[in-house]
Amino acid sequence: MTFDNLLYQTDQGVTIITVNRPDKLNALNYDTVMDLNRAISAAQKDPACRVIIITGSGEKAFVAGADIKEFSEFTASQAKELSQRGHTELCDLIEHSNKPVIAAINGFCLGGGLELAMSCHIRVASNNAKMALPEVSLGVIPGYGGTQRLPQLIGKGRALEMIMTGGMVNADKALSMGLVNHVVELESLMLLCHSIAEKIMGNSSVAIASAIKAVNANYQDGVNGYQIEIDEFSKCFETEDFREGTNAFINKRRANFPGR
Ligand code: COA
């Protein structure tokens, strides 16, 4: 598959989507958001893909935010459309993906870039990564879910401090706050993401999709996450994967789930 603003490659179950505007620090303009939407949707439908990794091109940036030049002249109604699209067509799509999505954060991860990373299921950062929601310095607030997902990940007090100061946190600070799961040298970033993907791919993809759904339910208004867990748990009992997983355990062998 080819995209104007992305690199897209699937190998051994892992699809790597690389935002590819390095001269603009991979800032998310409209076309890039739409390319990401198409790429993620394609990966979700592709049986050859079991885990998605999103990263940025070059060694300087994951994504340095939404494209400021593009939105600087927007009216309120254009801004509403931009924000709505960022939510539904990008961040919600990733958060509710039935396949795990890992953010490989390889440098500046700012504004819409951090919001993109926070919608992923797992975040791994290189030790040169810098994260911030600097929108208030531009006279605006985060618009791709940052005001909601940052408090979920690091707590309300720390999130408000990050949002109100717009200050950057380095990779180690992000790790200590729970904003990222791991920090490694830049050279080892993709290696660690692949090794996490490998562990995930050893498990039942059907059960993983159910787990994502159940965990997400905790953060959805009007949804009883405990009930979703009960429903998803019981649905697993009708799957081939459950038969294979339990049979393998009983017969003291490694489970061989479809797609491996
Ligand atoms: N939107 C549009 N263009 C951006 C961008 C963004 N969010 N972030 C970086 N760029 C562009 C710069 O305009 C510059 O393009 P140019 O060469 O055509 O002028 C290019 O990327 C390189 O950025 P530059 O600022 O020269 O690099 P730097 O190393 O001096 O600074 C940053 C790096 C990340 C500190 C700085 O680019 C920055 O503050 N970016 C904006 C971050 C932000 O506020 N993001 C939130 C947006 S909601």
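Me: In the largest nonpolar core, how many residues are there, and which have the most contacts inside it?

Reply: A nonpolar core is a set of buried nonpolar residues joined through side-chain atoms. In this predicted model, the largest one has 47 residues, and Ile54, Ile105, Met131 and Leu179 have the most contacts inside it. Helix α1 (residues 30–45) supplies the largest share of this core, six residues. Apart from it lies another core, of 17 residues, including Leu189, Cys193, Ala197 and Ile212.

Me: Which residues does Ile54 touch, leaving out those up to four places away in sequence?

Reply: With those left out, Ile54 touches Ile17, Ile40, Phe62, Ile94, Val101, Ile102, Ala103, Ala104, Leu116 and Cys120.

Me: Ile94 is in α3. Which residues of α3 are buried?

Reply: Ile94 is buried, as are Leu82, Arg85, Gly86, Leu90, Cys91, Leu93 and Glu95.

Me: Where does α3 bend?

Reply: The bend in α3 is at His87, by about 35 degrees.

Me: Is Thr239 buried or exposed?

Reply: Buried means under 20% relative accessible area. Thr239 has 17% relative accessibility, so it counts as buried. Thr239 sits in the loop between α10 (225–236) and α11 (240–250).

Me: What does the side chain of Thr239 reach?

Reply: The side chain of Thr239 reaches the backbone oxygen of Cys236, at 2.7 Å.

Notes. Residues are numbered from 1 along each chain as its sequence is written. This is a predicted model: local features need pLDDT of at least 70, side-chain atom pairs count only at pLDDT 80 or more; totals for chains, interfaces and linings use all residues. Side-chain values use heavy atoms; hydrogens and water are left out. The bend at a residue is the angle between axes fitted to the seven residues ending there and the seven starting there. Helices (H or I, at least four residues) and strands (E, at least two) are DSSP runs, numbered from the N terminus. Buried means under 20% relative accessible area, exposed over 50%, partly exposed in between (1.4 Å probe, protein chains only). A nonpolar core is a set of buried Ala, Val, Leu, Ile, Met, Phe, Trp, Tyr and Cys residues joined through side-chain atoms within 4.5 Å. Contact means heavy atoms within 4.5 Å. A polar contact is a pair of N or O atoms within 3.5 Å; within protein, one must be able to donate a hydrogen and the other to accept it, and residues adjacent in sequence count only if both atoms are side-chain atoms.
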